[in-house]
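Reader: I would like a close look at one part of this structure, the packing of its helices and what surrounds it. Please take me through it in one connected account.

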Amino acid sequence: MPVITLPDGSERRFDHPVTVGEVAADIGAGLAKAALAGRVDDRLVDLSHTIESDARVAIVTSRDEDGLEVIRHSTAHLLGQAVKELFPEAQVTIGPVVDNGFYYDFAYSRSFTPEDVAAIEARMHELAAQDIPVTRSEMPRDEAISFFRNMGEEYKAQIIEDIPADEVLSLYEQGSFIDLCRGPHVPSTGKLGAFKLTKLAGAYWRGDANNEMLQRIYGTAWADKKALKAYLHQLEEAEKRDHRRIGKQLDLFHIQEEAPGMVFWHAKGWSIWNTVEQYMRRVYVECGYQEVRSPQVVDVSLWKRSGHWENYQEHMFFTESEKREYALKPMNCPGHVQIFNHALRSYRDLPLRYGEFGACHRNETSGALHGIMRVRGFTQDDGHIFCTEAQIEEEVAAFHEQAMKVYADFGFDDVAVKIALRPDVRLGSDEDWDKAEDTLRNALRRCGVEWEELPGEGAFYSPKVEYHLKDAIGRAWQVGTIQADYHMPLKLDAEYVDEHSERKAPVMLHRAILGSLERFIGILIEHHEGRFPFWLAPIQISVMNITDRQAAYAEEVREILRKQGLRAVSDLRNEKIGFKIREHTLQRIPFLLVVGDREAEDRTVAVRTRAGEDLGSMSLETLLMRLSEEPVPSAF
């Protein structure tokens with residue numbers, strides 16, 4: 001009979017098979033009430049799961065990350081039940097958990113309206129209040145196909161047809177609703193309640209644009225109403241900070257249908273771009289990188305040799321000329337190997353560091369595009385370090401210090417470090433992956449860094465260290481990365497002469513601090529809500545006259561500021577000064593200078609900040625001294 005070992009090492013013995021729920025009750029009534037699911041020998045299961053032999057068991061509650069996933073998965077089923085009860089002819093398709101919530105795709109004869117969504121959410125709350133038991137059953141695959149087809153659920157039947165014929169499937173039932181699902185789920189709908197439906201969207205069946213369009217209802221679900229309220233507040237803040245809205249308001253960029261996933265940068269947006277690029281260019285110089293440039297279009301034979309053809313071609317753009325097939329580069333690495341290969345290299349040349357602001361193109365699906373955050377044409381602050389195996393640890397550690405300083409300069413102080421480990425489909429031997437992963441771990445240990453490991457999330461050619469920035473409203477963004485690649489140099493015949501006069505393949509470290517500049521600027525816009533630091537603001541100072549009598553002096557002030565390398569504009573319109581101040585404040589310009597008759601006579605300026613702070617009148621010399629005290633990164 002089973003001996004149950006709990007997370008604290010204690011044991012509980014039973015003289016009969018026991019369910020996870022019974023184990024929770026044996027521990028205590030409070031835990032039994034809070035229990036949502038269980039983890040048996042690292043497998044997440046329902047409370048009804050029966051344990052017949054010795055096992056390690058942990059009870060999962062809403063305080064656990066697993067518990068939150070179970071809540072969200074179960075709330076998706078609650079959504080499906082509500083839709084089927086209100087719209088019986090709707091067909092359910094898939095309803096997975098996503099970051100911070102869930103969604104469910106439905107096929108229905110007409111478009112759902114906001115009023116429909118409100119009614120669905122209200123029905124979900126009613127069903128949760130009824131505390132309906134959720135039960136699991138099993139059914140053979142062929143029987144399940146007929147079962148769902150007879151219910152009119154054609155999409156479910158299609159899903160099951162793709163499952164191997166000999167498989168037994170699990171179904172979950174709550175009241176009138178039954179769905180195909182691996183589970184686990186909460187024991188009853190009364191465990192749910194802190195949820196909110198958030199938006200409607202379209203989605204192609206199975207993500208294929210050639211298939212029919214379905215309706216996707218998104219929602220969020222949390223352990224309690226306090227956490228839900230905090231997340232909904234974050235959503236409100238995110239909407240206010242949306243880079244697309246601010247980009248339009250501040251005239252930074254636009255995107256249009258004729259060039260999907262490509263950015264039209266306006267003058268002020270391009271000013272931000274150039275400031276970011278010049279900052280990173282100085283980082284390249286300070287850290288010993290040679291800036292290079294590789295071609296945009298390269299014969300597909302190179303991409304076949306590098307492994308991209310086999311592993312990445314569905315994301316690439318292709319073209320043809322004179323009966324030769326070419327690809328627009330999705331990455332810069334093969335080009336950098338060609339530069340490395342153009343001369344005979346010695347071990348004394350290593351490490352050799354190349355950097356490039358490389359323009360890349362990737363064939364993202366239209367549904368994945370999102371402002372300048374997810375595009376098809378983008379530029380990376382890309383770099384590759386060719387080094388010996390013995391140099392990897394030192395180079396990764398140096399990169400880590402560089403990256404952390406850059407993030408701090410841009411206003412990010414909360415940075416999580418993660419290591420993405422080998423995926424199922426990959427190049428190279430397990431031995432090479434072991435070496436690469438352990439070297440990354442050792443480098444981070446050397447820096448005194450704590451990290452999280454992400455099994456299966458590495459690139460097909462290497463593991464990678466990832467940097468996740470937390471922004472002003474608590475969202476995490478993955479930006480920088482460094483990857484230890486043993487495979488591409490071999491595939492592309494890169495080699496150097498070692499100290500024994502033997503030819504060896506170098507290790508190639510792929511690194512980027514910002515990642516896509518487009519995406520990073522989008523993150524900056526949302527993090528700072530368009531109120532960029534003084535050094536980064538596209539317009540740093542606006543000079544405004546009160547009447548036409550001060551126009552010449554206002555222009556003179558603007559010209560003096562420009563000659564000092566400051567980005568200054570003048571507003572000489574025949575408008576009231578209050579109107580001008582309000583307009584330039586809405587444009588998030590850091591400093592507003594007002595000149596009237598007194599300022600023109602005394603050769604001073606009245607200084608205000610975009611926050612509404614009145615700094616009073618001061619001479620231009622005092623102003624320049626004040627502006628010189630604004631924080632500026634050392635690399636700028």
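**Helix α13 and its neighbours**

Author: In α13, the residues I392, E393, E394, V396, A397 and H400 meet T439, L440, N442, A443, L444 and R446 of α14. By class, this contact of α13 with α14 divides into six nonpolar, three polar and three charged residues. The model is a predicted one.

Two packed helices are described by the angle between their axes and the distance between the axes. For α13 and α14, the latter covering residues 430-446, the axes come within 8 Å and cross at roughly 50°. An angle between 35 and 65 degrees counts as oblique, and α13 and α14 are therefore oblique to each other. Their crossing is right-handed.

Helix α13, residues 392-409, also packs against α9, residues 267-286; here the axes come within 12 Å and cross at roughly 155°. Angles over 145 degrees count as roughly antiparallel, so that is the description for α9 and α13. α9 passes α13 in a right-handed crossing. On the α9 side the contact is made by Y279, M280 and V283, and on the α13 side by K405, V406 and D409. Sorted by class, the contact of α9 with α13 has four nonpolar residues, two charged and no polar ones.

Next comes a tyrosine that touches one of the residues already named. Y486 lies in the loop between β28 (476-485) and α15 (488-491). Leaving aside residues up to four places away in sequence, Y486 touches E389, I392, D432, K435, A436, T439 and V507. Of these, I392 and T439 also take part in the contact between α13 and α14. With a relative accessible area of 9%, Y486 is buried, because the cut-off for buried is under 20%. Y486 and Y461 are 25 residues apart in sequence, and their C-alpha atoms are 7.9 Å apart in space.

That leaves the cysteines. A disulfide requires two cysteine sulfur atoms within 2.5 Å, and by this rule the count is zero. C287 is in no disulfide: the nearest cysteine sulfur, that of C447, is 13 Å away. C387 is in no disulfide either, and for C387 the nearest cysteine sulfur is again that of C447, at 15 Å. C287 counts as buried at 19% relative accessibility, while C387 is buried with a relative accessible area of 0%.

How values were computed: Residues are numbered from 1 along each chain as its sequence is written. This is a predicted model: local features need pLDDT of at least 70, side-chain atom pairs count only at pLDDT 80 or more; totals for chains, interfaces and linings use all residues. Side-chain values use heavy atoms; hydrogens and water are left out. Buried means under 20% relative accessible area, exposed over 50%, partly exposed in between (1.4 Å probe, protein chains only). Helices (H or I, at least four residues) and strands (E, at least two) are DSSP runs, numbered from the N terminus. Contact means heavy atoms within 4.5 Å. Axes are lines fitted to C-alpha atoms, for helices over the stretch in contact, and angles run from 0 to 180 degrees between N-to-C directions. Angles under 35 degrees count as roughly parallel, over 145 as roughly antiparallel, 65 to 115 as roughly perpendicular and the rest as oblique. A crossing is left-handed if the near helix is turned anticlockwise from the far one by less than a right angle, and right-handed if clockwise. Ala, Val, Leu, Ile, Met, Phe, Trp, Tyr, Cys and Pro count as nonpolar, Asp, Glu, Lys and Arg as charged, and the others, Gly among them, as polar.
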